[in-house]
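This briefing covers selected features of one structure, grouped by topic. Please read it alongside the sequence and coordinates shown here.

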Amino acid sequence: MPSTTSSNLDTVRNWLLAKHPERTSIAADEDLIKARLVDSLSFVEFVLTVEEASGVEIDHEAIDLEDFRTLEAIERKYF
């Protein structure tokens, strides 16, 4: 049975995949910004998705982009 952390991170991965139906997977170390999976228009919604899935309130005034660059970074910081 998957851990809550991995299933919650899957919520974030599934959000990304839903936005990019041409993709079937996203590697944990893939740069989400360079791969254009997250852009400036979707970033706020992406942060809210991470916040909801992790249960961690994210200070929108103190966001470090590096914490959102890969699924690994998101998992380390928020899960």
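Predicted model: local features only at pLDDT ≥ 70, side-chain atom pairs only at ≥ 80, totals over all residues.

Is R13 buried or exposed? With a relative accessible area of 19%, R13 is buried, because the limit for that class is under 20%.

- R13 pairs with D10 in a salt bridge whose closest N and O atoms are 2.9 Å apart.
- Both R13 and D10 belong to helix 1, where three residues, about one turn of the helix, separate them.
- An α-helix has 3.6 residues a turn, so residues three or four places apart point the same way.
- D10 counts as partly exposed at 31% relative accessibility, whereas R13 is buried.

- The structure holds six salt bridges.
- One of them joins the side chains of D31 and R69, at 3.1 Å from N to O.
- This pair links distant parts of the chain, with D31 in the loop between helix 1 and helix 2 and R69 in the loop between helix 2 and helix 3, 38 residues apart.
- D31 and R69 are both buried, and together with E66 they are linked in a network of salt bridges.
- D67 forms a salt bridge with K77, and the closest N and O atoms are 3.8 Å apart.
- Here too the pair links distant parts of the chain: D67 is in the loop between helix 2 and helix 3, and K77 is in helix 3, 10 residues apart.
- D67 counts as buried at 16% relative accessibility, while K77, at 48%, counts as partly exposed.

**Nonpolar core**

- The largest nonpolar core has 19 residues, of which L16, L32, F46, V50, F68, L71 and I74 touch the most other members.
- At least two residues of this core come from each of helix 1 (4-19), helix 2 and helix 3 (71-78).
- Leaving aside residues up to four places away in sequence, L71 touches L9, V12, R13, L16, I26, A27, A28 and L32.

**Helix 2 and its end**

- Helix 2 has 12 residues and spans 16 Å from first to last C-alpha, close to the 16 Å expected at 1.5 Å a residue.
- Its buried residues include F43, F46, V47, T49 and V50.
- S54 is in helix 2 (residues 43-54) and counts as buried at 17% relative accessibility.
- A polar atom of the S54 side chain lies 3.4 Å from the backbone oxygen of E51.
- Not counting residues up to four places away in sequence, S54 touches Y78 and F79.
- G55 follows helix 2 and has a positive phi, near 75°.

Notes:
Residues numbered from 1 in each chain as written. Heavy atoms only, no water. Helix = DSSP H or I, 4+ residues; strand = E, 2+ residues; numbered from the N terminus. Buried < 20%, exposed > 50% of the residue type's maximum accessible area, 1.4 Å probe, protein only. Polar contact = N/O pair within 3.5 Å; in protein donor to acceptor, adjacent residues only side chain to side chain. Contact = heavy atoms within 4.5 Å. Expected span 1.5 Å × (residues − 1). Core = buried A, V, L, I, M, F, W, Y, C linked by side-chain atoms within 4.5 Å. Salt bridge = Lys/Arg side-chain N within 4 Å of Asp/Glu carboxyl O.
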